[in-house]
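Hello,

Here is the structure I promised to pass on to you. Please have a look at it first, and then read my notes below.

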Amino acid sequence: MGLICFASQKGSPGVTLTALAVAAALPVAEGRRKVLLEADADSGSLAVRYQLGRQPGLITLAAASRHGLGREDIWAHAQALPGGLAAIVAPERADRASSVLATSGKALASWLSSLPGVDVIVDCGRLSPASPALPFAHHADAVFMVSRPVAEQIQPAAERALALQGAGRRVAWVLIGEHPYSAADVAEATGIRVAAVLPDDPRSAEALLGGGTTGRLRRSPLLRAATSFAAQMQSLEPAQAPADPNIRARQAEVVA
Ligand SMILES: Nc1ncnc2c1ncn2[C@@H]1O[C@H](COP(=O)(O)OP(=O)(O)OP(=O)(O)O)[C@@H](O)[C@H]1O
Ligand SMILES: [Mg+2]
């Protein structure tokens, strides 16, 4: 583990929910800690959802980074979500979120990727080619593109995924549901591995985003799928070059 990014390219497929569910379920090895970082340039949603203070968070972490950060400093900028997960929240105003990421994203991404003993799960939001959250993806040990398996989300997300793969990142899909396309359809059409399919389960999704932590919610198919994905994450294999020459050619075009 290390630095893991979740992102989309178009629509609101469920990046925040997925990052939150996986981070909450992620097993942490002895002596390590985990933190969820909201790095969505279109605005944060955790502080509003959970009625947290706007600070500490990404703004205070970015400000502190200008004077140099020590390895324990991250915890002063995290708040506890319902259930206890430590989270660094982004400002809910898009102008503030994008400007703090534009100013400090690169330095923070580089620092976090080499922070010993900490697993960082990043919600990158929509990762357009101009997104100031891109440095997190470029420093990530793995990037998961979250998408509904519909052409209008898969196509643009596949371009971003191939570009990141071409830049040497491990990239895989996390699909929300399997309609109209199955995981096998998506993997074959894009040449990108599907790491997980989370059930399309609006009720559990809303309960979780609403701060629910009941045993019933934890036993829901959505949370069980997120938990089994989180458990596999430790042994994630490197992304493989696609066998299909057409996909390789497209990959080269996208990267160029
Ligand atoms: N697995 C899921 N099944 C059903 N509904 C889901 C699932 N995940 C998320 N949702 C729903 O989709 C909506 C968007 O979720 P979320 O905020 O996580 O998406 P997002 O991709 O982070 O969006 P944004 O780009 O606006 O930040 C919410 O209403 C949420 O309840
Ligand atoms: Mg989001």
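Leaving aside its neighbours within four places in sequence, alanine 23 is in contact with Lys34, Leu36, Leu85 and Ile121 (two residues are in contact if their C-beta atoms, placed from the backbone, lie within 7 Å). This is a predicted model, in which local features need pLDDT of at least 70 and side-chain atom pairs count only at pLDDT 80 or more, while totals for chains, interfaces and linings use all residues. Residues are numbered from 1 along each chain as its sequence is written, and chains are lettered from A and ligands numbered from 1 in the order in which they are written.

Back to alanine 23: is it buried or exposed? Alanine 23 is buried, as 25 other C-beta atoms lie within 10 Å (buried means 20 or more other C-beta atoms within 10 Å of a residue's own, exposed 12 or fewer, and partly exposed in between, with C-beta atoms placed from the backbone). Between the C-alpha atoms of alanine 23 and lysine 34, 11 residues apart along the chain, there are 7.6 Å.

Alanine 23 belongs to helix α1 (helices are DSSP runs of H or I with at least four residues, strands are runs of E with at least two, and both are numbered from the N terminus). Helix α1 (residues 15-25) and helix α8 (residues 202-209) have axes that come within 10 Å and cross at roughly 70° (axes are lines fitted to C-alpha atoms, for helices over the stretch in contact, and angles run from 0 to 180 degrees between N-to-C directions). That makes α1 roughly perpendicular to α8 (angles of 65 to 115 degrees count as roughly perpendicular, under 35 as roughly parallel, over 145 as roughly antiparallel and the rest as oblique). Here Leu17, Leu20 and Ala21 of α1 meet Ala205, Leu208 and Leu209 of α8. By class, this contact has six nonpolar, no polar and no charged residues (Ala, Val, Leu, Ile, Met, Phe, Trp, Tyr, Cys and Pro count as nonpolar, Asp, Glu, Lys and Arg as charged, and the others, Gly among them, as polar).

Next, ligand 1. It is surrounded by 20 residues, and the closest are Ser12, Gly14, Thr16, Leu17 and Ala205 (near means a C-beta atom, placed from the backbone, within 6 Å of the molecule or strand). Which elements supply at least two residues each of this shell? They are α1, β5 (118-126) and α8, and α8 gives the largest share, four residues. The shell divides into nine nonpolar, six polar and five charged residues.

Now to the sheet. Eight strands form an open, mixed sheet in the order β3-β4-β2-β5-β1-β6-β7-β8 (two strands pair if DSSP finds at least two bridges between them). β3 (79-80) and β8 (194-198) stand at the edges with a single partner strand each, so one side of each has no neighbour in the sheet.

In strand β6 (residues 142-147), six of six residues are buried. Ala142, Phe144 and Val146 point one way from β6, and Val143, Met145 and Ser147 point the other way. In a regular strand the side chains alternate between the two faces of the sheet. Strand β1 (residues 3-8) runs parallel to β6 and is joined to it by four bridges, with isoleucine 4 opposite alanine 142. β6 also pairs in the parallel sense with strand β7 (residues 171-176), over five bridges, and serine 147 stands opposite leucine 175 there.

Enjoy exploring it!
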